[in-house]
Amino acid sequence: MPIKYIPYNPDPVEGQAILDNFSRTRRVLRYRDNNEVYDRILRGMPYYETEVIEQVGDDNKNLVIRGECISACAYLKEQSIKVDLVYIDPPFASGADYAKKVYIRRNPCLAEKIKIAEQQMDDSEIQAFEEKMYGDIWQKEDYLNWMFENLQAIKSIMSDTASIYVHLDWHIGHYVKILMDEVFGEDRFRNEIIWKYFGPTSTKVNYPRKHDNIYYYTKNEDRVFNYDACLVDYDEKAIKRYDKMDESGKRYKVYNEKNGAKRKAYMNGGTPTEIFEIPGEQNPYYGTQKPEALLDRIIKASSNENMVVVDFFGGSGVAAKVAHDLGRKFINVDIGLNSIQTTRDRLKEAGASFQIMDIKDGVSLFRNPVQTMDKLAKLIPGLQQNITGIGKFWFGAISDSKFGTVPVYVPNLINSKEKILDIPFVNTIINQELQNLEIDIKKIIVYYIDISDDKEIKQFIKDNNATLVKIELLDLKNFLHDIIIEDIVNYKIEKIGTQKNTDLTDSHGSISDNLSNQCDPCSYQITIINFTSDRLIQKINEFNQKGNLQSISSGREFNPINISDEGLELIEMISLDCKNDNGIWQSDVEIKIDKLGYMTLNNKKTKSFWDGKIMSRNKPLRLKIRNISGDEAILNLLDQK
């Protein structure tokens, strides 16, 4: 449960245009009892326990945070951290599910054969399956309430001269524009930026949708704005108009004034525009990734060196990476583990120093809340969904030999307001949802993530439950923790080498080839013998079954994904920590394997295939392995020789 609640800003700006089709909860706890309405407290932003899980480089001023926007803002405000520029690219309420491709790597046991034969694998030969990253499916009112709370939280940690850019499109942007008027004030609206991108036209019955909307607001009248950053090069037509050049190389044109005199007009450095014509970028892991050139223009315009740039929906970490390149400090926040890992790898490759923090604000099973919700129906023993007579409030029901049909409530992990079980919500269950059931029941099960006060809740149920229905409260975190099966790694450690200190690898050959002849006394080699991931195997089996069924119905050939006995093709990254045997992770040696099987060794790309080994000059204390879906397993090596 939250340690405490951090207050939001004061009430929104008065006298603004507001939307009236949803209620702004701002976490008001209210319930009715005996025809009297009780207001509990106006909760602020939930402040949770945080944990630093990895240190990359030496600087801890830059942060990569796994957590929700509101709880991240609570942490920043509690630490008195102010930000100078906010760029957010939140879900667009598009009604779509977004997935990423998960690529099977080459089998390292075949690396030598592949090298000798000089085989090159075409992209079409690479085996892959998809996993859902997040669902952008919202009821409009829920989305707007969620955005209202996010904007209030963000405003509370903005510096006095800060700016905010909110990147949306036609689905919901016009509604959010009015929300921003309410939160920041209409007079703080500076401009609507149009990002015009390119690509094939997908319709012949409408104007093509080839732009996004970016709403630019400031917290106060004073703000950072660098005009020169908004200048873009003139097009060819403009250059032709300025057809002359002086001795210093500046272009100018000559025109006649009314009195017949000739006058020079010089071409300046560019022309300012709120229409950004910038091509999009493709990323197989993040289809919604925005181009670096877009963030480069925004960050240059509204921040200076050493200012703090934050993105609360960090995705693949483009904003943080560009901020680093431009000499700014950065804070990157996202709820998804895959996002954090992608950002971490991008920033490390760029040479950035930062801390990775985990906010303990909910369930961290799988990689994001959407995947967890998809799995829960199968994970809860005996649960059946779409049961007649229990209504949409309930996640499903189980059949019990003693109690009969038992409705089960599970909080929606995508909706942060449902994460905490408190008296108003329990009151709703007792005095509303139990009454709405169309069947006789003897028991219900209510899962929760956080609970406001366990003793208080149970006493409230005892005092207010006038029915004979038993209410069982279960901690969802404990349930999920008990059923998770960790990936299994079988490995061996050897001491090798007595020769001089040289680079770990070159651009050819395997790591073991190079290190066996180029290592210091008492260097260490770890060989991964086999790797097992039950969750990935289950996912691959589901993919193969679906493909076989489609093959039968369509008559098209289907090539199933086959995993070797060693299972090493399920590994994406392997890392060694030679400094700490627990606590904050520090990567001393790191190998990342791309989808073609080539290695990146300590941020240096190679043309070598991974051979199942990793080596270090210092004694490794811990081993970390990340599978191709992003799950990470950490093994303590202290007991190994």
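Modeller: A residue counts as buried when its relative accessible area is under 20%. The model here is predicted, and by that cut-off 51% of the 641 residues in the chain are buried.

Biologist: How many helices and strands does the chain have?

Modeller: The secondary structure comes to 14 helices and 36 strands.

Biologist: What share of the contacts with a separation of 6 or more lies between residues 24 or more positions apart?

Modeller: Such pairs account for 74% of those contacts in the chain.

Biologist: Which residues have the most contacts inside the largest nonpolar core?

Modeller: A nonpolar core is a set of buried residues of the nonpolar kinds, joined through side-chain atoms within 4.5 Å. In this chain the largest one has 48 residues, and Ile 164 and Phe 312 have the most contacts inside it. Helix H3, residues 140-155, gives the most to this core, with 8 residues.

Biologist: What does Phe 312 touch?

Modeller: Leaving out residues up to four places away in sequence, Phe 312 touches Cys 69, Ala 72, Cys 73, Leu 76, Val 86, Tyr 87, Ile 88, Ile 154, Ile 157, Val 333 and Asp 334.

Biologist: Which two quantities describe a pair of packed helices?

Modeller: The angle between the axes and the distance between the axes. Take H3 with helix H4, residues 173-184: the axes come within 10 Å and cross at roughly 35°. H3 passes H4 in a right-handed crossing.

Biologist: Which residues of H3 and H4 meet?

Modeller: From H3 they are Lys 140, Tyr 143, Leu 144, Met 147, Phe 148, Leu 151, Gln 152 and Lys 155. From H4 they are Tyr 175, Val 176, Leu 179, Met 180, Glu 182, Val 183 and Phe 184. By class, this contact has 11 nonpolar, 1 polar and 3 charged residues.

Biologist: At what angle do H10 and H11 pack?

Modeller: Helix H10, residues 423-436, and helix H11, residues 454-464, pack at an angle of about 30°, with their axes 10 Å apart. Angles under 35 degrees count as roughly parallel, and H10 and H11 are therefore roughly parallel to each other. H10 passes H11 in a right-handed crossing.

Biologist: Which residues make the contact of H10 and H11?

Modeller: H10 contributes Ile 423, Val 426, Asn 427 and Ile 430, while H11 contributes Glu 456, Ile 457, Phe 460, Ile 461 and Asn 464. The residues of this contact divide into 6 nonpolar, 2 polar and 1 charged.

Notes. Residues numbered from 1 in each chain as written. Predicted model: local features only at pLDDT ≥ 70, side-chain atom pairs only at ≥ 80, totals over all residues. Heavy atoms only, no water. Axes fitted to C-alpha atoms, helices over the stretch in contact; angles between N-to-C directions. Helix = DSSP H or I, 4+ residues; strand = E, 2+ residues; numbered from the N terminus. Parallel < 35°, antiparallel > 145°, perpendicular 65-115°, else oblique. Left-handed = near helix turned anticlockwise from the far one by under 90°. Contact = heavy atoms within 4.5 Å. Nonpolar A, V, L, I, M, F, W, Y, C, P; charged D, E, K, R; others polar. Buried < 20%, exposed > 50% of the residue type's maximum accessible area, 1.4 Å probe, protein only.
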